[in-house]
Amino acid sequence: MSENSHILSVAEIDRDIAEREREIDAIAATLYDLDKHPGLILLRRFPPTGVTETRWAPARDAMDLLWEDFGRLRTLLEQAHTVRMRRRLEALDREELTALLRGQPMEVARTAIPLAQRSLIGPGEVIVRVGFAELVTRMREGFPRIVEVLDAVDAVNGRVMSEITPLRTELDRIGTGLPELRALSDDLDELSTRVAGDPLSLPVAEIDRRIAELGARMREAAGLRAELAAMVADWDGAVSRIRTQVETLRKTYERTHLARIAVERTILTSQLPEHADDSALFGSELTALDATPPDPSALWDLRRRLTAALAAAVEAEQLVQGLLDRRAELRGRLSAYRAKAARLGVSEDREVLASSRIAAGLLTRKPCDLAAVTRAITDYRQLIAQKTGRRP
């Protein structure tokens with residue numbers, strides 16, 4: 001200490017020690033609350049990854065330094081207490097206490113200076129020393145950075161878990177016997193795992209979207225549960241309705257088969273898709289289910305697969321029947337244009353008559369080229385308009 005430095009009086013020493021004690025008590029209370037922060041508890045339980053790890057790493061270093069500096073503060077205070085407890089404080093004792101309370105008595109870092117950066121008689125290393133003031137200032141600056149990350153982690157985790165915990169409870173009550181419910185359970189687990197390990201990778205928009213989607217699927221699951229309960233309550237009726245669907249599927253395959261034969265015989269087309277008639281398999285599965293104790297999940301799954309098969313069969317029928325309907329529609333259009341030509345007095349015109357015969361010939365050809373017929377009828381309609389001076 002230089003000769004111009006102010007050496008504290010006994011009263012000043014006692015005031016400083018009391019003030020340091022109050023500071024350390026306040027810091028200890030804050031660090032105790034920090035140690036119980038929900039975000040910190042989550043990070044300790046689930047080691048962070050990804051975005052969260054990137055943001056947490058510097059905050060974690062700052063927290064480690066915070067605790068180290070707290071330990072240094074307590075060490076300095078204990079040293080001051082030890083000196084102060086001497087029976088009589090001599091000038092050297094007060095000078096020592098002044099250094100402890102107002103100076104920078106504690107070495108916290110020592111870094112060698114590269115030879116190229118030294119002077120001939122300069123120091124060989126940089127020594128960093130701190131005291132109460134520097135330690136408290138450093139802790140005050142580091143604390144907000146730590147809390148900012150912990151609050152962000154807790155906010156995301158709290159938001160997501162508050163939404164999906166009720167969904168998980170309800171799903172556990174419903175059960176996961178069906179593929180849809182198992183998929184929902186898996187997605188809930190995936191989101192829980194992600195929010196535990198990398199919560200800061202979840203933007204607010206994605207959280208809103210995921211929660212809305214899971215909530216909608218949960219409502220569907222609740223509706224499914226009610227539907228399964230209704231199946232159990234009216235098992236015979238449920239089986240009967242599904243048996244009717246099986247019969248509908250069989251008849252759809254039958255109509256499609258007959259229509260396909262007609263198309264292949266009368267219309268030029270590419271290879272039409274053909275589905276094997278699996279109505280008998282569905283019927284056998286339904287009979288087997290009906291012979292065992294009611295299993296609504298199995299019956300619902302059968303109905304789901306049967307409904308999908310029926311939708312595909314109806315689509316195939318519409319495709320095939322559409323070709324026949326198109327041919328019939330072209331026949332009707334040709335008849336309508338012939339009647340129009342007769343009404344306008346041009347039906348016996350040589351060119352009009354030739355165009356009509358070309359369209360009719362293409363229409364009656366087997367197999368019939370629907371595209372060629374369409375073009376021929378369009379040419380016939382335009383020729384009628386040309387001959388009569390009307391817009392086609």
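1. R260 counts as buried, at 8% relative accessibility; buried denotes under 20% relative accessible area, exposed over 50%, and partly exposed the range in between, computed with a 1.4 Å probe on protein chains only. The residue R260 lies in helix α8 (residues 235-266), where helices are DSSP runs of H or I with at least four residues, strands are DSSP runs of E with at least two, and both are numbered from the N terminus. Not counting residues up to four places away in sequence, R260 touches L272, P273, E274 and V320, contact being heavy atoms within 4.5 Å.

2. On provenance, this is a predicted model in which local features need pLDDT of at least 70 and side-chain atom pairs count only at pLDDT 80 or more, while totals for chains, interfaces and linings use all residues. Residues are numbered from 1 along each chain as its sequence is written, and side-chain values use heavy atoms, with hydrogens and water left out.

3. The largest nonpolar core has 75 residues, of which L34, W56, L73, I146, L249 and L299 touch the most other members. A nonpolar core is here a set of buried Ala, Val, Leu, Ile, Met, Phe, Trp, Tyr and Cys residues joined through side-chain atoms within 4.5 Å. Helix α5 (residues 132-174) supplies the largest share of this core, 15 residues. Another core, of 25 residues, lies apart from it and includes V263, A360, Y380 and L383.

4. Leaving aside neighbours within four places in sequence, W56 is in contact with L40, L43, P48, M63, I146, V149 and L150.

5. The count of salt bridges comes to 34, each being a side-chain nitrogen of Lys or Arg within 4 Å of a carboxyl oxygen of Asp or Glu. One of them joins the side chains of D93 and R86 at 2.6 Å, N to O. In this pair D93 is buried, with a relative accessible area of 12%, whereas R86 is partly exposed, at 36%.

6. E125 and R110 form a salt bridge whose closest N and O atoms are 2.2 Å apart. Because E125 lies in strand β2 (residues 125-130) and R110 in strand β1 (residues 106-112), the pair ties together parts that are 15 residues apart in sequence. E125 is partly exposed at 32% relative accessibility, and R110 is partly exposed at 43%.

7. R217 and D187 meet through their side chains in a salt bridge of 2.6 Å, N to O. This pair links distant parts of the chain, 30 residues apart, with R217 in helix α7 (residues 204-233) and D187 in helix α6 (residues 179-197).
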